[in-house]
Amino acid sequence: SEFKSNCESGDGYADLMFMDERQKIAVILEIKAVNSKKELSEGTQKALKQIEENRYADEYLDDSSVKAIYCYGISFYNKQCEVSCKKVK
């Protein structure tokens, strides 16, 4: 499996990207720290929006061998976290 951290992709830098070479599945993670428990959900949506707006998935979208791309927005407040997922391919 290929793994990248803070790697340039699209128009910016994704926090984490990895590819399962056997199954041809790509995963992109964007992580946000928020200031309160109430902001957890908003943080995950901002992270997913950043992945889309900065086109982090482009290198995998253009690769016909990639079967699926999963984007995860993760937000943290203290020891709590929330995760949202969006399949883009």
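Visitor: Is cysteine 85 buried, partly exposed or exposed?
Guide: This is a predicted model, and the class follows from accessible area. Buried needs under 20% and exposed needs over 50%. Cysteine 85 has 44% relative accessibility, so cysteine 85 is partly exposed.

Visitor: What class does cysteine 71 fall in, buried or exposed?
Guide: The cut-off for buried is under 20% relative accessible area. Cysteine 71 has 4% relative accessibility, so cysteine 71 counts as buried.

Visitor: How many disulfides does the whole structure hold?
Guide: A disulfide needs two cysteine sulfur atoms within 2.5 Å. The closest cysteine sulfur to that of cysteine 71 belongs to cysteine 85, 7.6 Å away, which is too far for a bond. Cysteine 85 is in no disulfide either. For the whole structure, the search gives 0.

Visitor: In what order do the elements of the protein chain run?
Guide: The protein chain has 2 helices and 5 strands. Read from the N terminus, the order is β-β-β-α-α-β-β.

Visitor: Which strand pairs with E4 in the parallel sense?
Guide: E4 covers residues 68-77, and its parallel pairing has 9 bridges. The parallel partner, residues 25-33, is E3.

Visitor: Which residue takes a positive phi in the hairpin of E4 and E5?
Guide: The hairpin has 2 residues between the strands. The phi in question is near 50 degrees, and the residue is asparagine 78.

Visitor: Which side chain joins that of serine 84 in a polar contact of 3.0 Å?
Guide: Serine 84 lies in strand E5. At 14% relative accessible area, serine 84 is buried. Beyond four places in sequence, its contacts include Leu48, Cys71 and Tyr72. The polar contact of 3.0 Å is with the side chain of threonine 44.

Visitor: What share of the contacts with a separation of 6 or more comes from residues 24 or more positions apart?
Guide: The protein chain has 89 residues, and buried residues make up 36% of them. For contacts with a separation of 6 or more, residues 24 or more positions apart account for 52%.

Key
Residues are numbered from 1 along each chain as its sequence is written. This is a predicted model: local features need pLDDT of at least 70, side-chain atom pairs count only at pLDDT 80 or more; totals for chains, interfaces and linings use all residues. Side-chain values use heavy atoms; hydrogens and water are left out. Helices (H or I, at least four residues) and strands (E, at least two) are DSSP runs, numbered from the N terminus. Buried means under 20% relative accessible area, exposed over 50%, partly exposed in between (1.4 Å probe, protein chains only). Contact means heavy atoms within 4.5 Å. Two strands pair if DSSP finds at least two bridges between them. A polar contact is a pair of N or O atoms within 3.5 Å; within protein, one must be able to donate a hydrogen and the other to accept it, and residues adjacent in sequence count only if both atoms are side-chain atoms.
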